[in-house]
Amino acid sequence: KMPENLELYPMVNKYGAHKGLVYFREAIIESKVQSVDNIGGHYKHLYGYCRSKYTAATIKALREAGFSIRGVIDDNDKFSESHFLGYKTMNSSTFFRNVKDNLSDVVVIITHQRTKTLKKISRHLINNGLKKRQILTIKY
């Protein structure tokens, strides 16, 4: 698995099929949680960007690790004002309006899987006031 630098076969060979897959899954989750943990503890508000199964997996892993997620952002009009995992999905305009007074306390976790789209979203967030260190991209 490229983003985490993990290989499934050695784990399966060492622990068997079931335990190897469980350990592989746990290693992937740990790498995602660790990347959020490395940002630093002074950010109080975490948001997921892109309403997808990758965001759902990231939010679940972060919740289990004790992180608090504030919301989900997606600029697709189809998702506007709908709910996702108990969060109201907001577009980026609403997001920036809501966090304008606490912008320095915010981290946005982008979970889109296409590199070109990740860069586009990052540029959009930076152009609207976030610092590069406040944006974390996670690929699965």
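## Exercises on a predicted model

Thr89 is located in strand 4. The structure is a predicted model, and the exercises below start from this residue.

### Exercise 1. Surroundings of Thr89

Determine whether Thr89 is buried or exposed, and which residues Thr89 touches beyond four places away in sequence.

*Solution.* 
Step 1. The relative accessibility of Thr89 is 0%. Buried means under 20% relative accessible area, so Thr89 counts as buried.
Step 2. Leaving aside residues up to four places away in sequence, Thr89 touches Arg51, Val72, Asp74, Phe79, Ser80, Glu81, Ser82, His83 and Phe84.
Step 3. For a comparison of sequence and space, take Ala57: Thr89 and Ala57 are 32 residues apart in sequence, and their C-alpha atoms are 16 Å apart.

### Exercise 2. The sheet around strand 4

State the order of the strands in the sheet, and identify the partner of Ile73 in strand 4.

*Solution.* 
Step 1. Strands of a sheet pair through backbone hydrogen bonds, either parallel or antiparallel.
Step 2. Here six strands form an open sheet with mixed pairing, in the order 3-4-2-1-5-6.
Step 3. Strand 3 (83-84) and strand 6 (135-137) are the edge strands, each pairing on one side only.
Step 4. Strand 4 (residues 87-90) runs parallel to strand 2 (residues 69-73), and two bridges join them. The bridge partner of Ile73 in strand 4 is Met90.

### Exercise 3. Helix 2 against helix 3

Describe how the axes of helix 2 and helix 3 cross, and classify the residues in the contact of helix 2 with helix 3.

*Solution.* 
Step 1. The axes of helix 2 (residues 17-37) and helix 3 (residues 53-64) come within 10 Å and cross at roughly 80°.
Step 2. Angles of 65 to 115 degrees count as roughly perpendicular; therefore helix 2 is roughly perpendicular to helix 3.
Step 3. From helix 2, Arg25, Ile29, Val33 and Val36 meet Lys60, Ala61 and Leu62 of helix 3.
Step 4. By class, this contact has five nonpolar, no polar and two charged residues.

Technical notes
Residues numbered from 1 in each chain as written. Predicted model: local features only at pLDDT ≥ 70, side-chain atom pairs only at ≥ 80, totals over all residues. Heavy atoms only, no water. Axes fitted to C-alpha atoms, helices over the stretch in contact; angles between N-to-C directions. Helix = DSSP H or I, 4+ residues; strand = E, 2+ residues; numbered from the N terminus. Parallel < 35°, antiparallel > 145°, perpendicular 65-115°, else oblique. Contact = heavy atoms within 4.5 Å. Nonpolar A, V, L, I, M, F, W, Y, C, P; charged D, E, K, R; others polar. Pairing = 2+ DSSP bridges. Buried < 20%, exposed > 50% of the residue type's maximum accessible area, 1.4 Å probe, protein only.
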